[in-house]
Amino acid sequence: MSPRPDVSEERRLQIIDSAIKVISEKGFASTRMDDVAGEAGLSKGLLYWYFKSKEEIIIAIADVLFGGELNHIKNLSGENLSAPQQLKNIIDTFIKDVQPMLKITPVILEFYALAFRNKTVRAVMQRYLHTMISILEPIIEKGMSDGDFKAGNAHQAALAIGALLEGTLLLWCYDPNGIELESQLGACSTMIFDSLENRS
């Protein structure tokens, strides 16, 4: 009996990168496991050692796209800084991290669309949202408690920040030639701090 292939993280990431490329061209619905195996240069049988289904690949893609960003942001939020500085670091990181993701915008849009009709994708996106809010909300609460931010509802403020940043990215997808993304996200950052900071 031949030994089970070594499930290395490098090979797994190679498969995910190949899946992202195929899905960018064909969409989730039209992508088959055969397509991903072919793009990755693997047999279909070997692909199944790593991922048992297309849904498993979808979850893995989401973890790479959104999980990496969240882990980076979590590390920033743990720093011993004032709430405004923590929030600024998080927003600046979001703006910086957006640029490399623009080439796979079709895949991100597919996630948004699929969230309405696919329970697996919806669960992944909800996890991303809840994690993001769980990072932002305590920072905003700290800012309010310290007097750096105006008193208010920290949960609603965290949702508004997410909506402003993610919504700007979505609008850019509609009109990439009409919206200068980095500049607009910078304007969003200014609006966020203008609305939060306690200047009394």
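Visitor: Cys173 first: buried or exposed?
Guide: Cys173 is buried, at a relative accessible area of 19%. Buried means under 20% relative accessible area, exposed over 50%, and partly exposed in between, with a 1.4 Å probe and protein chains only. This is a predicted model, where local features need pLDDT of at least 70, side-chain atom pairs count only at pLDDT 80 or more, and totals for chains, interfaces and linings use all residues. Residues are numbered from 1 along each chain as its sequence is written, and side-chain values use heavy atoms, leaving out hydrogens and water.

Visitor: Which cysteine sulfur is closest to that of Cys173?
Guide: That of Cys188, 14 Å away and too far for a bond. Cys188 is buried too, with 2% relative accessibility.

Visitor: New topic. What secondary structure does the protein have?
Guide: Nine helices and zero strands. In sequence order the pattern reads α-α-α-α-α-α-α-α-α. Helices (H or I, at least four residues) and strands (E, at least two) are DSSP runs, numbered from the N terminus.

Visitor: What does the C-alpha trace span?
Guide: About 70 × 40 × 25 Å along the principal axes. The protein has 200 residues, and 43% of them count as buried.

Visitor: Which residues touch the most other members of the largest nonpolar core?
Guide: Ile61, Leu65, Leu87, Phe111 and Ile140, in a core of 62 residues. Helix α7 gives the largest share of this core, eleven residues. A nonpolar core is a set of buried Ala, Val, Leu, Ile, Met, Phe, Trp, Tyr and Cys residues joined through side-chain atoms within 4.5 Å.

Visitor: What is Phe111 in contact with?
Guide: Leaving aside neighbours within four places in sequence, its partners include Phe28, Ile58, Ile61, Leu65 and Met125. Contact means heavy atoms within 4.5 Å.

Visitor: Where does Tyr112 sit?
Guide: In helix α6, residues 105-114. Tyr112 is partly exposed, at 22% relative accessibility. Not counting residues up to four places away in sequence, Tyr112 touches Met125, Glu166 and Leu170. Ser183 lies 71 residues from Tyr112 in sequence and 24 Å away in space, C-alpha to C-alpha.

Visitor: Back to α7. Is Thr120 buried or exposed?
Guide: Thr120 is buried, with a relative accessible area of 19%. Thr120 is in helix α7. Beyond neighbours within four places in sequence, Thr120 is in contact with Glu55 and Ile59.

Visitor: Which helix holds Ser134?
Guide: Helix α7, residues 119-146. Ser134 counts as partly exposed, at 44% relative accessibility. Ala158 is 24 residues from Ser134 in sequence, and their C-alpha atoms are 8.7 Å apart.

Visitor: What share of the contacts with a separation of 6 or more comes from residues 24 or more positions apart?
Guide: 66%.

How values were computed:
A disulfide is a pair of cysteine sulfur atoms within 2.5 Å.
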